[in-house]
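Thanks for coming. I will go through a few residues, then the core and the pocket. Please have the display open.

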Amino acid sequence: MDVLANFAQSFIGLFQEGGKVFLSLAGGILPTLITLMTAVNAFIKLVGQERINRLAQAAGKYTLLRYTVMPVMAVFFLTNPMAYTFGRFLPEKYKPAFYDAAVSFVHPITGLFPHANPAELFVYMGIAQGIQQLGLPLGELAVRYFLVGVIVIFIRGLVTERLTVRMMRQRERA
């Protein structure tokens with residue numbers, strides 16, 4: 001009888017703990033995310049979707065901007081997964097590299113702009129929790145996380161672009 005009672009107590013305790021975590025999220029990060037998403041959507045409405053589209057097309061002409069500014073803008077303004085649609089402004093040979101850069105940036109942006117990928121904020125929060133336990137500031141972590149992310153997406157964009165161009169040439173020869 002004690003085994004069943006302990007099992008029942010543990011079973012409901014699991015859901016009680018889940019409820020506590022849910023309430024802490026609802027009172028903490030969710031209002032911040034909703035406010036950020038509202039602000040970004042308001043900014044897009046104020047600036048205009050067409051202007052943002054033109055800016056993206058201009059950025060796609062240059063390699064450095066194509067794999068740094070463009071993915072950052074896409075993930076910031078459109079968030080995950082809509083950010084990948086920014087690739088529509090690029091010629092076919094650049095689209096795989098842009099996708100690679102954009103998909104690689106959905107985690108590094110969450111430290112500064114959690115609205116960009118709230119579903120995977122846990123990656124940054126896990127790192128941040130360890131930094132907090134060490135007594136170190138989170139602001140520097142978020143900035144470094146962002147900057148390293150920009151460097152990595154640029155390298156990934158270049159490598160994927162070269163691989164794509166090589167594969168396209170091989171296909172043309174065959």
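F77 lies in helix α5; helices here are DSSP runs of H or I, at least four residues, numbered from the N terminus. This is a predicted model, in which local features need pLDDT of at least 70 and side-chain atom pairs count only at pLDDT 80 or more, while totals for chains, interfaces and linings use all residues. Residues are numbered from 1 along each chain as its sequence is written, and side-chain values use heavy atoms, with hydrogens and water left out.

Is F77 buried or exposed? F77 counts as buried because its relative accessibility is 14%. The cut-offs are under 20% relative accessible area for buried, over 50% for exposed and partly exposed in between, with a 1.4 Å probe and protein chains only. Not counting residues up to four places away in sequence, F77 touches V40, F43, I44 and I52, where contact means heavy atoms within 4.5 Å. I52 is 25 residues from F77 in sequence, and the two are 9.1 Å apart in space, C-alpha to C-alpha.

Next, the core. A nonpolar core is a set of buried Ala, Val, Leu, Ile, Met, Phe, Trp, Tyr and Cys residues joined through side-chain atoms within 4.5 Å. The largest one has 29 residues, and M70, V75, F86, F98 and F105 touch the most other members. At least two residues each come from α2, α3 (49-59), α5, α6 (95-104) and α8. Helix α5 gives the largest share, 7 residues. As for V75, leaving out residues up to four places away in sequence, its contacts are A83, A102, F105, V106, I109 and A116.

Two threonines now. T68 sits in the loop between α4 (63-66) and α5 (69-78). With 12% relative accessibility, T68 counts as buried. Beyond residues up to four places away in sequence, T68 touches V150, I153 and F154.

T160 is in helix α8, residues 138-173. T160 counts as buried too, at 17% relative accessibility. Its side chain reaches the backbone oxygen of R156 at 2.8 Å. Apart from neighbours within four places in sequence, T160 is in contact with P96, A97 and D100.

Last, the pocket. Which residues line the largest pocket? They are L25, I29, L30, L33, P118, L121, F122 and M125. Helices α2 (29-47) and α7 (121-133) are the elements that give two or more residues to this lining.

Conventions: 1 Å grid on protein atoms, 1.4 Å probe; cavity = no way out; pocket = protein on both sides within 12 Å on 5 of 7 lines; lining within 4 Å. Polar contact = N/O pair within 3.5 Å; in protein donor to acceptor, adjacent residues only side chain to side chain.
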